[in-house]
Each structure stands twice: as structure tokens, then as C-alpha cells.
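Please open the structure in your viewer and keep the selection panel at hand. The tour below tells you what to select at each stop and what you will find there.

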Amino acid sequence: RNDLIRDNGKIFVGAAQALNKYARDCVKVTVVGNPANTNALVAAKNSPNLDPSQYTAMTRLDHDRGLAQIATKANCKVTDIERFCIWGNHSATQFPDLSHTLINGKWARDVINDDAWITDTFIPTVQQRGAAIIEARGKSSAASAASAAIAHVRDWALGNTGWQSMAIYSTGQNGVDAEVYSSFPVICSGGGRVDVVGNVPFSEDAAARVNTSVQELLQEKEAVKHLFPPVFRRMTEVPSDEIY
């Protein structure tokens, strides 16, 4: 992952500068290339004419993998599942959160009735699924990622009901540190509007898992700071007797 941070981040500098110069003001950009969350931050920093909310990073593939695991365990349809989400980074530290999930209107934890499976199988399987596929196939799951990207953009543009997972620019929602792209549970209402599900309660374990992933995002941010352009303060008023 450190190699990805070092090598891929600089690719997004040039891409973002081109977007900043040539893209329409209403452009929406989904970052899929890993490390997607931090690459989105690099891109946002290098396109100051765009609002950071015009960038998102994809955690929909993780979200869909989590739904598939739940549906298999509970012997239900994916469409029977509500209020599942991914928190944090698109990495092995991400937190697939079942705390608020419903299956046919019943608490998922009660339906599954197997806390050991949630802790020891479900969470690590979702966290490590990408690496497991690469190990098994010798290459990534490009088709699954493409399908997830289509679903991500479709919901962003056209809206959807219920919770989805999307990495967006944090302004401190739900206690997540600001100025990183973290995955949140979101509601997409169409036209590019994304609202974070707010005031989500956390157990001590859930809070610790979210914090671990956010700390990784902060570490990645530090690792790519050299790719951020310098920030110049604009002087709105200059005293007449000041010479500079």
C-alpha cells in the first residue's frame, strides 16, 4: 500500500490540474484508483476551483461485498437488508458496520445470532476480500469494481433510497476528523446531492474500529502532503502605508 501511495498519488496531481482548468463547474468525479480515499484528497487539493464535495472515492465495492456476506449468512435477499455501511478507508482497516442493520425490519444481529461470526469472519472477510481475490486469481476483480463504480455514480446522479456507502470529504460528521475522504453511510437524493447520516451512535468497539481507519487516513494524508500545492492567503485589505 505504501507503494501505491507513493506511485499513484502523483498521477492524480496532473489529472486534477486538468480538471481544474478545463472541467465544467458542475463536474462530479469518482476516484477508484487506490488508495482511492487519499487520491481523492490529492485531487481535491490540486483543483482549487472545484469544491471538495465534487470528489468522492468509491467504497461501494466493499459495501456490496458486505451485503453479499450478510445475505448468505442470513439466507435472505440483498434487497431485504437495510442500513448497512462501511466506515473509514478503502483498506484493510475499513469498518463494515452491522450495528444498525435491519433484515426484513428485524435487527441483523438478532437474525444472524452469531456474534463470533460477525467479529471473526464477517468483518475480516469484507476487509480482506480484495486481497483474497488478488491472491486467488493473480489479478484484481476489475469487473466487480466496474459494476460498483456504475452503481456509485448512478446513485450520486439519480438518487436512491436507503443507506449507501461513499467516501466523501469529511467536515467532522459523526466525529470523523475533517479534511480526509472517509466512507460514511450516506443518502443520495439525486442531482449530485449526498447527505451523511448524522448522529450515528457507536459502541466502544465500533468507535475504536472507526478511529483506527480514520487514523490510517490521517497517516496517508501526511505521506502525500508534498503533493499539495502551496496555499497563499489572499489579502483583502492592504494598509496604505505598508510597503511590500
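Predicted model: local features only at pLDDT ≥ 70, side-chain atom pairs only at ≥ 80, totals over all residues.

Residues are numbered from 1 along each chain as its sequence is written, and side-chain values use heavy atoms, with hydrogens and water left out.

**The whole chain**

Begin by showing the chain as a cartoon, where 7 helices and 10 strands can be traced; these are DSSP runs numbered from the N terminus, helices being H or I with at least four residues and strands being E with at least two. Of the 244 residues, 45% are buried, where buried means under 20% relative accessible area, exposed means over 50%, and partly exposed lies in between, with a 1.4 Å probe and protein chains only.

Now select Ala44, Lys45, Pro48, Pro229 and Val231, which of the 12 lining residues are the closest to the centre of the second largest pocket. A pocket is found on a 1 Å grid over the protein atoms alone, as an open set of points where a 1.4 Å probe fits, with protein on both sides within 12 Å along at least five of seven lines, and lining residues have an atom within 4 Å of a point. Helix 2 gives the most to this lining, with 3 residues.

**Two positive phi angles**

Most residues other than glycine have a negative phi. Select Asn104, in the loop between strand 6 (102-103) and strand 7 (106-107), where phi is positive at about 50 degrees although the residue is not a glycine. Asn104 is exposed, with a relative accessible area of 53%. Then select Glu179, another residue that is not a glycine but has a positive phi, here of about 65 degrees.

**Charged pairs**

Which residue forms a salt bridge with Glu179? Select Lys221, and you will find the closest N and O atoms of the two residues 3.7 Å apart; a salt bridge is a side-chain nitrogen of Lys or Arg within 4 Å of a carboxyl oxygen of Asp or Glu. Glu179 lies in the loop between strand 8 and strand 9 and Lys221 in helix 7 (residues 204-223), so the pair ties together parts that are 42 residues apart in sequence. Lys221 is buried, with a relative accessible area of 13%, whereas Glu179 counts as partly exposed at 35%.

Move on to Asp155 and Arg60, whose salt bridge has its closest N and O atoms 2.8 Å apart. This pair links distant parts of the chain, with Asp155 in helix 6 (residues 142-158) and Arg60 in helix 3 (residues 60-74), 95 residues apart. Both Asp155 and Arg60 are buried.
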